[in-house]
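Me: I would like to learn how to read a few features of a protein model, taking one feature at a time. Could we begin with the general idea and then turn to the case at hand?

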Amino acid sequence: MKKCRISGDKLIKFLDLGKQPLGNGFLNSKKKFKTEYFYNLELGFSKKSSMVQLLKAPKKEKMFNNNYAFYSSTSSYMDKHFKKFADEIKNFLLKKKLKKPLIVEIGSNDGIMLKRFKKFHHLGIEPAKNVALVCKNKTKCKVLIEFYSKKTLNKISRKFNKKVDVYYSTNVLGHIEDIQNVFKNISQSLSDKGILVFEDPYLGEIIKKNSYDQIYDEHIYFFSLISVSKLANMYNLNLFDASPQQTHGGSMRYYLCKNNVYKKTSRLKKLFSNEKKLNLDKLKTYNLFTKRVKNSKEKLLSLLKKLKKNNKIIYAYGATAKSTTIFNFCKIDDQLINFYFDNTKIKQNKFSPGMHIKVKSFKKLSNFPDYYFLSAWNHKNEIFKKEKKYIKMGGKWITHVPFVKII
Ligand code: TYD
């Protein structure tokens, strides 16, 4: 029996997405196809912790290593988003009159947000060496290249000789299998008036949008207000506020403090009552989700096959980790989708994980396709603005959120 990593009770399996490679595991040569790593991607729910989580997660060193292909600074929208987030934290520090505050980012990636705290006592923690080095060289911010752990706490206290006033993290905590220890360490090293703020894709949005492509190796936990609140309480932390975000197809920002030092906001109470209507604490919600996912697969495959029969050219827009899940679950290869196009250098000229679709640079695009599969659907507004010419010439988009359709 698989156990919930938080509560230790039974993990009830509700979704099987089959054999999957690493979501960001792009391959640089055909020779690597034979030795590619695959694992079973299955999702479970715990009634006790209300936490939705992967049944089995690949080892963290397999995912976050020197070849990590995800650079945060690829989208201008995300850059603006992080600036706003950093401003919000700075306002909080001013309001609470925290003197010489210490700010720590867990998973600082290429420094897209950390650079905004350069004038403060700051520290980024980033285990993927290639992205951490980009951060160090480009932004000159202080970064520790390691996984956040008890050892990190010793280093922080030796370096700064004080507790942390703000811990923040974006799209990282849901990636950490050993989340209990992360919460324990944060709780231990947080100053009395300090806060932990983090954001991750919100389970309520995944259920509403049927965006099952959010499920891949790096996303181990799918947070909701109820599951975060229960987890926090186990380590003397309290959820006192939350705010929905548009990023990553619909995220939630969670605000936590110690010993209820900050009062629960009315915004949080409203969000809780909205969440209640979604039944995120009930197994039946997830069984219905599974039915919709299977239906989405059938519809997408039949649409792509029909278009190919009519000799249409279909490319995928954005070599996202998310689309690795879709293409491997639906068995969509380069016979159906000829190429990926992506503006990330490290992904270009490589082959996609599992289905081995070649990734090209937009600079190499000589003719528009008839259809783009919108794999980077979470950047739809930014992409549609950029691709006015394609749209004007009658180019069409295929999406699967919230259901399979042509736009
Ligand atoms: P992302 O949204 O981070 O998804 P995931 O976490 O599933 O990998 O990835 C977006 C990808 O799309 C990234 O590889 C960059 C690419 N992209 C473009 O090529 N052009 C664009 O205009 C945008 C916005 C993204």
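Reply: Let us start with a term: a polar contact is a pair of N or O atoms within 3.5 Å, where, within protein, one must be able to donate a hydrogen and the other to accept it. Please keep in mind throughout that this is a predicted model.

Me: Which residue has a side chain joined by a polar contact to that of serine 191?

Reply: The partner is aspartate 165, and the polar contact between the two side chains is 2.8 Å. Serine 191 has its place in strand S8, and with a relative accessible area of 11% this serine is buried, since buried means under 20%. Leaving aside neighbours within four places in sequence, serine 191 is in contact with Lys163, Val164, Asp165 and Lys258.

Me: In what order do the strands of the open sheet lie?

Reply: The open sheet has seven strands in the order S6-S5-S4-S7-S8-S11-S10, and their pairing is mixed. Its edge strands are S6 (143-144) and S10 (237-245), each of which pairs on one side only. Within this sheet, strand S4 (residues 102-106) and strand S5 (residues 121-125) run parallel and are joined by five bridges, and valine 104 has leucine 123 in S5 as its bridge partner. Packed on the sheet is helix H5 (residues 179-189), which touches S4, strand S7 (164-170), strand S8 (190-201), S10 and strand S11 (251-258), and whose direction makes about 150 degrees with that of S8.

Me: How should I read a helix that has a buried side, and which residues of H8 are buried?

Reply: The general idea is that an α-helix has 3.6 residues a turn, so residues three or four places apart point the same way. In helix H8 the buried residues are Leu268, Leu271 and Glu275. Seen down the axis of H8, these buried residues fall within an arc of 65 degrees, so they line one face of the helix. The cover over them includes helix H7 (225-233), S10 and S11, whereas Ser266, Lys269, Lys270, Lys276 and Lys277, on the other side of H8, are exposed.

Me: What span should the 13 residues of H8 have, and how far apart are its end C-alpha atoms?

Reply: At 1.5 Å a residue, the 13 residues of H8 (residues 266-278) should span 18 Å, and the end C-alpha atoms are 19 Å apart, which agrees. Asparagine 279 follows H8 and has a positive phi, near 55 degrees.

Me: Where does serine 50 lie, and is this residue buried or exposed?

Reply: Serine 50 lies in the loop between strand S2 (39-45) and strand S3 (52-54), and at 1% relative accessibility this serine counts as buried. Its phi is near 60 degrees, a positive value in a residue other than glycine. Lysine 331, which is not a glycine, has a positive phi of about 60 degrees, and this lysine is found in the loop between helix H10 (321-330) and strand S13 (339-341), where at 55% relative accessibility it counts as exposed.

Me: With which residues is serine 224 in contact, leaving aside its neighbours within four places in sequence?

Reply: They are Ser50, Tyr202, Leu203, Tyr254, Glu275 and Leu280. Serine 224 has its place in the loop between strand S9 (221-222) and H7, and at 0% relative accessibility this serine counts as buried.

Me: Which residues does a cis peptide bond join?

Reply: The cis peptide bond joins valine 401 and proline 402, with omega about -5 degrees. Proline 402 has its place in the loop between strand S16 (396-399) and strand S17 (405-406).

Conventions
Residues numbered from 1 in each chain as written. Predicted model: local features only at pLDDT ≥ 70, side-chain atom pairs only at ≥ 80, totals over all residues. Heavy atoms only, no water. Pairing = 2+ DSSP bridges. Helix = DSSP H or I, 4+ residues; strand = E, 2+ residues; numbered from the N terminus. Contact = heavy atoms within 4.5 Å. Axes fitted to C-alpha atoms, helices over the stretch in contact; angles between N-to-C directions. Expected span 1.5 Å × (residues − 1). Buried < 20%, exposed > 50% of the residue type's maximum accessible area, 1.4 Å probe, protein only. Arc of directions from axis to C-beta.
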